[in-house]
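Please open the model in your viewer and keep a selection panel at hand.

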Amino acid sequence: WRSAGRRRLEDHAVRRAAGLDVPAHQRQGPWRRRRGRRGLRRAPAEEVEAPLSESSLQFIAADIEAVFNAFYINKEHSETSLADYLDALGAKYNNTTLPKAIEDQFNLVRATIQSIQEPLKDAVVNDYTTVDQLYNQVRDLLILFKVDVASQLSITITFNDTDGD
């Protein structure tokens with residue numbers, strides 16, 4: 001589990017990247033509830049993000065698009081993106097390039113988000129398998145970034161700072 005301070009910082013960064021200006025008490029973080037589960041039992045449906053406005057799925061989609069845009073950068077501006085850099089490094093994942101694998105995972109997540117036709121608080125109860133599938137797909141995307149992208153960029157992720165204080 002991440003520390004509460006780090007989690008708040010990450011939530012804040014995602015909100016800013018997505019352009020979402022939602023008060024902290026209304027935006028709990030859709031994945032903090034572990035796809036509607038607590039341990040081995042499901043959490044109450046009301047504990048999803050923004051249950052009253054029923055905008056949880058829109059928040060998730062906006063967060064996914066923010067990460068996608070950060071990874072690929074808007075190609076209209078002809079800037080070099082992180083995906084371009086990984087291509088230049090020749091980063092591979094299974095039988096394809098790493099950026100292609102990440103793009104495929106983004107597309108899978110988007111398709112699953114679009115397949116949920118009801119508010120997330122209802123889907124947690126009525127279509128739990130799809131919500132669980134969405135959680136697993138986002139988790140797999142996160143693993144691609146934390147493990148494969150970090151490895152290709154020679155970034156070492158540690159849990160302790162090494163600045164000597």
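Begin by selecting helix 4 (residues 98-115) and helix 6 (residues 128-152), whose axes come within 10 Å and cross at roughly 160°; the axes are lines fitted to C-alpha atoms, for helices over the stretch in contact, and the angles run from 0 to 180 degrees between N-to-C directions. Helices here are DSSP runs of H or I with at least four residues and strands are E runs with at least two, both numbered from the N terminus. Because angles over 145 degrees count as roughly antiparallel, helix 4 and helix 6 are roughly antiparallel to each other. Their crossing is left-handed, the term for a near helix turned anticlockwise from the far one by less than a right angle.

This is a predicted model, in which local features need pLDDT of at least 70 and side-chain atom pairs count only at pLDDT 80 or more, while totals for chains, interfaces and linings use all residues. Residues are numbered from 1 along each chain as its sequence is written, and side-chain values use heavy atoms, with hydrogens and water left out.

Staying with helix 4 and helix 6, show the side chains of their contact (heavy atoms within 4.5 Å), which includes Leu98, Ile102, Phe106 and Val109 of helix 4 and Leu141, Leu144, Phe145 and Val149 of helix 6. The residues of this contact divide into 13 nonpolar, seven polar and two charged, where Ala, Val, Leu, Ile, Met, Phe, Trp, Tyr, Cys and Pro count as nonpolar, Asp, Glu, Lys and Arg as charged, and the others, Gly among them, as polar.

By class, the contact of helix 2 with helix 4 has 13 nonpolar, no polar and three charged residues.

Now turn to the rings. A search of the whole structure finds five aromatic pairs, a pair being rings of Phe, Tyr or Trp (its six-membered ring) whose centres lie within 6.5 Å, with planes under 30 degrees apart called stacked, over 60 edge-to-face and the rest tilted. Select Phe68 and Phe106, an edge-to-face pair at 5.1 Å centre to centre with 85° between the planes. Phe68 lies in helix 2 (residues 56-72) and Phe106 in helix 4, so the pair ties together parts that are 38 residues apart in sequence. Phe68 is buried at 17% relative accessibility, and Phe106 is buried at 0%; buried means under 20% relative accessible area, exposed over 50%, and partly exposed in between (1.4 Å probe, protein chains only).

Then select Phe71 and Phe145, which form an edge-to-face pair at 5.2 Å centre to centre, with 90° between the planes. This pair links helix 2 with helix 6 across 74 residues.

Where do you look last? Select Asn94, in the loop between strand 3 (92-93) and strand 4 (96-97). Phi of Asn94 is near 50°, a positive value in a residue other than glycine, and Asn94 is exposed at 65% relative accessibility.

Terms used: Parallel < 35°, antiparallel > 145°, perpendicular 65-115°, else oblique.
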